[in-house]
Amino acid sequence: MIAAPENPILSVTGLRKTYGGRHSLMNMMRGTPARRLVALDDISLSVGRNEVLGIVGESGSGKSTIARCIVRLERPDSGTVAFDGQDVWEARAQGLRHIRRNMQMIYQDPYGSLNPRLSIARAISEPALVHGLIGRDGVRPLVRELLDRVGLPQSMAELTPRALSGGQRQRVAIARALALKPRMIIADEAVSALDASVQAQILNLFSELIRDLGLSMIFISHQLSVIAHLADRVAVMYLGRIVESGSTADVFTRPRHPYTEALLKAHPDLEGKASREPALAGEIPSSYAIPAGCRFNTRCRHAETACFASDPPPTAFEAGHHAWCHVLPDLKGIDAT
Amino acid sequence: MKPPPPGITESAWLRLNKRAVLDRRWATISLYTGIAITAVIAALSLAAPFLGLRDPLATDLMNALAPPSSEFLFGTDDLGRDIFSRVLHAGRIDLVFGIVTTYVSLVIGLLIGALSGYFGGIIDTIIMRIVDLVISFPFIILILTIAAIVGPGLAGAYIGVIAVSWALYARLTRGEMLAIRRREFILNAETLGYGTPRIIFVHALPNLLRANLVFSMSDIVLNILTLAALSYLGLGVAPPTPEWGEMIAQGQKNLLNAWWISTLPGLVIVLAGVGFSLIGDGLADRLDDSGR
Amino acid sequence: MMPHTPPPNPLLDVRDLSVGLTNRHVAFLAADRIALQVKTGQSLGLLGESGCGKSITLRALLGLVPHPGEIVGGHIEWKGRDWRSFSHREIMKIRGKEIAMIFQDPASCLNPVFTIGDQTTETLRLKLGLRSKAAQTFAADLLDQVGIPAPAERLRLYPHELSGGMRQRVMIAMAIATEPDLLLADEPTTALDVTIQDQILNLLARLKERTAMSMILVSHDVGVVAQNCDVIAVMYAGRIMESGPARDILQAPRHPYTRGLLAAIPQLRVGAGRPPLKTIAGLPPNPAQLPQGCPFQPRCPSARPECRTIPVTLDRNLPGHGSACPFVN
């Protein structure tokens, strides 16, 4: 668990999520039980007010599943998600509306996140209309304000997504998310599908919004550089578990978990030349067959006997920096600037 | 055509541009040709009673089996009836039948398929099994049963065809719905707490229409042919009321000596089919909003 | 293995290559007077954002431009011979044998209904004329060379039973089977996780070292190109804007676009006060609606009226560091 910031706006405790096993004919005939896919295994984290929490991980880490469990798209098997003290999954009617208004999500695919048949103005204003925040006459001013806020020209209001580029669509998605004046935004790989020059613009927009609107944010990405740029704190996930967490500066300059070190090393470096050896050998195990003991043991070069026997408990370091590792070897991070 | 940029020869630029334009031209030509063909047939058919044609039911044994001429545009059948007049009058029945059965089925199938695909789970399973049943059930038996209940005639044909056609649209729509179900703009609508009716009708449905509309174009002709088959079996339209399929069937016995009795109505069906098809092609291109 | 006589230099010499394409009923130049050179054992990185024409350039090198597009100008010389002097049969022989290509998405490049053993040995049988038994052994050997554990067993697997990284290794194995002189890699690691990407790039580097294989690596990721290429060519709107040794391009970029691109990339560093990224204003260009002269004008901080009129192409001052912008230094 990340050291809980005082009075967090979002806190997640003990989240677990598995998906039903695949039933193959062979399995049924043999009587083998269908395997289950473990997406999340006892995840706990929290996000402070006006803070950006970065979640970084590769395939199978569960980072997208967390996002969906938080915004009530997928029901976790167990655990709680609390927004502003309120349980997200237990909320009803008024409470639920409050939560939905305050938590918005931005997705990876700028092409899929907008309804191809709705004009930009409609897409942006609809949430506010449906939630009763504005009336019909409030649409135009709202659209005007939001387009300005995300840096899009007013002339775009009547266009459909088809006419827009990826970066522009993503801005529209952001505008739509802002329509309800949320307190928290979850960005699930929100810039991964964008070109570098456009990505920079969107990242700057996020920084601006966070600062100007006092937003809290969960930023999910596989790109460490983006996380380094935007996130105050970071949680590194692997196969459904958090393996390290803490402030971005601490985790990246003094990583305590071998996986974090590997991610940092594997990140293509503009300065250095490619090293002799890859940062990490082996494949990511299947989420259907999570290794026993510390799930990183199949690829970890520091693995010892204990690592195959049991799941590592968290070890606390300075200032809310935690790592889940039995060995806790000496590791190298990036240089502090 | 813009002037060629440096770095490319004039002739190559010309060639490229021609190819680029060909695509667009073809799509537009398709659409308008299709519209033209169907419009002409529809207009003529609807106006049939007012065009001063011979009575389609009037027999004239003196002129039986007359080949196409300036007097009898499409010739006459074995009872001396003017085939051209009959074809146009039949058009009113056939075209209306094709369109009504298709679009009523579409609406029903669209709704059911959308709900099935959206909710998934047990609802989806049940509905899809019903759909499977309907599609695989021997169609003629179903129609005969309905005709037995409702009585012979057009009403039975309408109900029978709709009772089966909806299933195809349901299956098609459900597939499309599954495809967009997990797309982010639908998920987003859910996280915004929109009610399910809004998500299905305002957000999902407009995106499901395209496949259905394109399919409906070929379905219209298929339904017309089904009416033909039914008339042949004595259900649907009863003689002497003209109906395209029935006319083809009737002309069979004279195929060798009076080819025009079957062939010309047949050609009209083909023409109508081509017309609708071309509209379908053109529409498919126009409705394509997958622009990336 | 057959003894490898080093081919003449430069291996690949491309001058004034232009490729025309159509999109939504409009014709345009996807690649405009491209000039490239690849020497034996050298790796060239084609860097650019989406739509800049880097992928189509690669395909043009193998004569694989999809209809209705086509190569509309320029010269390609392979091992000293003009491309046009090759007969169709000779080109077919070169493809897959002397020049090999790997793509971004290994899942769609491998046929899902055949085992990887079948697909690998097919290449071997067709391109190297090996018999079935010999092909099997060689295939297992190849898989081993690309770092696939238990290769003989893996031959029996189907593509969907392998992970993304494994599939890409299989692709690479099939590509290097004939010891090609040149490997064309189109975004080979974009679809892979970062630690797997690292492994694959490392593999390519080792292979390159061992066999003096040349490589053209296309990517939108500056880091990938920076770490794995000797020479970098930066593309924008179908043209090469700047090219030269990787070190020079990264540390002293001369073209405003390259400078803008490098400045816009978030660095993996932490420090107090993360300043906003320096962005390139405006939107990526529409290749069908480029302005006269330099395509980068609308977004260039140093644009001036002359940029419209001067026909801007990259000066072929190889092997030095060349920039297409005559004004900024």
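Biologist: Before I get carried away, what should I know about the model and the numbering?

Modeller: It's a predicted model: local features need pLDDT of at least 70 and side-chain atom pairs count only at pLDDT 80 or more, while totals for chains, interfaces and linings use all residues. Residues are numbered from 1 along each chain as its sequence is written, and chains are lettered from A and ligands numbered from 1 in the order in which they are written.

Biologist: OK, and which residues does C:V234 contact, leaving aside its neighbours within four places in sequence?

Modeller: The list includes C:L47, C:G48, C:I249, C:H255 and C:Y257. Two residues are in contact if their C-beta atoms, placed from the backbone, lie within 7 Å.

Biologist: Switching to chain A. How many helices and strands there?

Modeller: Chain A has 11 helices and 12 strands. Those are DSSP runs numbered from the N terminus, helices being H or I with at least four residues and strands E with at least two. Its radius of gyration is 21 Å, close to the 20 Å the globule rule gives for 337 residues, so chain A is as compact as a globular protein of that length. That radius is taken over C-alpha atoms, and the rule is 2.2 Å times the number of residues to the power 0.38.

Biologist: And what share of chain A is buried?

Modeller: 49% of its 337 residues. Buried means 20 or more other C-beta atoms within 10 Å of the residue's own, exposed means 12 or fewer, and partly exposed is in between, with C-beta atoms placed from the backbone.

Biologist: How many residues of chain A touch chain C?

Modeller: 39 residues of chain A are in contact with 39 of chain C. α7 (196–213) of chain A gives the most to the chain A side, with 7 residues. By class, that side has 20 nonpolar, 14 polar and 5 charged residues. Here Ala, Val, Leu, Ile, Met, Phe, Trp, Tyr, Cys and Pro count as nonpolar, Asp, Glu, Lys and Arg as charged, and the others, Gly among them, as polar.

Biologist: And the contact between chains B and C?

Modeller: That takes 14 residues from chain B and 13 from chain C. The chain B side has 8 nonpolar, 3 polar and 3 charged residues.

Biologist: Last one: what does strand β4 of chain C pair with?

Modeller: β4 (residues 70–78) runs antiparallel to β1 (residues 12–23) of chain C, joined by 7 bridges, with C:G20 opposite C:E70. β4 also pairs with β5 (residues 81–82) of chain C in the antiparallel sense over 2 bridges. Strands pair if DSSP finds at least two bridges between them. β4 and β5 of chain C form a hairpin with 2 residues between them, and C:K79 in the turn has a positive phi of about 55 degrees.
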